[in-house]
Amino acid sequence: MSKKVTMQQIADYLGVSKFVVSKALSGKGGVSESTQERVIQAASQLGYFSQKNAYVKTMKLEQLPKVPAAGKQSVLVLMPNIRFQTKESLYWGRILDGIASRLEEDGFGMVIVSEQSVDHFLHFLNPNGILGLIGVGEISTPLLLEVHRIGLPMVLVDHEDMLIPSDTVFTNNYESMYRLTKHLIGKGHAQLCFVGDINYSRSFKDRFLGFRSAIEEQAGSVPRLSVSDDCILPVEGFEHEQFQEPIKQWAVKRLKAKTLPTALLCANDMIAIGAVHALQELGISVPEEVSVTGFDNIDDSYRMTPALTTVHVPKESLGKRAVEQLISRIASKQEPMEKLLVAGELLYRESTAGVKS
C-alpha cells in the first residue's frame with residue numbers, strides 16, 4: 001500500500017515550511033493567493049486530496065456557524081453570480097429548475113447561495129439540515145477546497161476543478177460539436193471557423209476539440225479543409241451585443257482578404273446570435289453566404305430570424321442528474337468519483353445550408 005501523503009511532503013516538494021502548507025490548506029488566510037494556489041496544485045499532484053482523512057486539522061460540521069433549520073433536509077446550491085450565472089439566465093436558470101423539481105420529488109429543500117467569499121459562505125451551512133452541495137457553473141478553487149475540507153458531499157454541473165476531486169455532470173460537448181461539424185462538412189463546407197474563447201470554460205474547450213477532431217478526420221479527403229489558427233476567433237463577452245462588434249470587425253478584414261469562411265461554428269448561442277447580427281449588418285446573407293451554428297438551444301435561438309441551428313443541451317436534465325448523483329454519493333461516499341455525460345441533440349434550423357456550387 002502507498003504511504004499517506006503528508007503536509008511535510010508537500011512542504012518539501014515546494015521548498016516551503018509545513019506551517020505555510022498548513023495555512024494554505026486551512027483556508028484561514030496568512031498566505032498569499034498565489035502561494036495558496038501553488039500549495040493546492042502540489043497537494044493535488046501528490047494525491048493528497050484523494051486519500052481518506054486528508055486533513056489533519058479539519059473543521060467539523062458541528063463547529064460551523066448554524067442557521068435555523070427549515071424543518072426538512074436541504075441541498076445547498078452554490079452558483080456564484082459571475083459570468084451571468086443567475087436564476088434569470090436562459091441557460092443556468094433551466095438547470096436550477098431541474099435541480100428544484102428533482103429535489104421536490106424526494107421531499108428535499110433547496111437553498112441557493114451566490115456568495116463567493118469563503119468566510120461568508122460558511123454561514124450558510126446548517127449541519128443539521130444540509131445534505132450536500134451542488135455547484136452550478138464556475139466556482140473558485142478556494143471555495144471548492146472549503147467544501148472538500150468540510151467533507152460535504154458535492155456534485156458540480158458544467159464545471160470541474162482539476163485540483164479538487166468531485167463528481168461532475170456535463171453535456172457531451174465534444175461529441176455534439178463533432179457531429180455538428182461533420183454535418184457541415186457533409187454539406188460541402190471546407191472553410192469553417194470556431195468562434196469562442198476556448199479558455200473560457202471546460203465546455204468551450206471540449207466543443208472546440210470536437211470541432212477540430214472532425215476537421216482533422218476529414219482533412220485528407222476534403223480539399224482545402226484543415227485546422228489552423230485562422231480557424232479560431234476567440235471573442236469574449238456574455239451577451240450577444242458584446243460579441244457582435246468584434247465579429248463584425250473580423251468579418252470586414254476577412255472580406256477584404258477574400259478569406260471569409262463559409263461556416264461559423266460558435267461556442268454557444270449568444271455568440272452565434274451576435275455573429276448572425278454582425279454578418280447581416282455587413283449585408284452578408286445567412287445562410288446563403290455563411291452558415292452559422294450555436295450551442296445550448298436557449299429560447300432566443302429559435303425566436304430569431306433565421307432560426308439558429310444549434311445543439312439542444314437538456315438543461316433541466318443536467319440539474320436532475322446532479323441531484324441523483326448527489327444522493328448516490330451520499331449513500332456511497334467511498335466509491336470512485338464519476339463524470340457523467342448527458343447527450344445533446346442536434347437541431348437543424350434555417351441558419352445553415354449547403355455551399356453553393
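This is a predicted model: local features need pLDDT of at least 70, side-chain atom pairs count only at pLDDT 80 or more; totals for chains, interfaces and linings use all residues.
## Helices crossing, strands pairing

Residues are numbered from 1 along each chain as its sequence is written, and side-chain values use heavy atoms, with hydrogens and water left out.

**Exercise 1.** Work out at what angle helix H9 and helix H10 pack.

*Solution.* Step one: find H9 at residues 240-256 and H10 at residues 269-281. Helices here are DSSP runs (H or I, at least four residues), strands are E runs of at least two, and both are numbered from the N terminus. Step two: compare the axes, which are lines fitted to C-alpha atoms, for helices over the stretch in contact, with angles from 0 to 180 degrees between N-to-C directions. The angle is about 50°, and the axes are 7 Å apart. That makes H9 oblique to H10, because angles under 35 degrees count as roughly parallel, over 145 as roughly antiparallel, 65 to 115 as roughly perpendicular and the rest as oblique.

Step three: look at who touches whom, with contact meaning heavy atoms within 4.5 Å. H9 brings residues including Phe-243 and Ile-247, and H10 brings, among them, Ile-271 and Ala-278.

**Exercise 2.** Is Pro-246 buried, partly exposed or exposed?

*Solution.* Start by finding Pro-246 in helix H9. Its relative accessible area is 33%, so Pro-246 is partly exposed (buried means under 20%, exposed over 50%, partly exposed in between, using a 1.4 Å probe and protein chains only).

**Exercise 3.** In what order do the four strands of the open sheet sit?

*Solution.* Reading across, you get E7-E6-E8-E9, with parallel pairing; two strands pair if DSSP finds at least two bridges between them. At the edges are E7 (232-233) and E9 (291-293), each pairing on one side only. Helix H8 (residues 202-218) packs on this sheet, touching E6 (192-195), E7 and E8, and its direction makes about 170° with that of E6. Finally, zoom in on E8 (residues 263-266), which pairs with E9 over three bridges. There, Leu-264 stands opposite Val-292 in E9.
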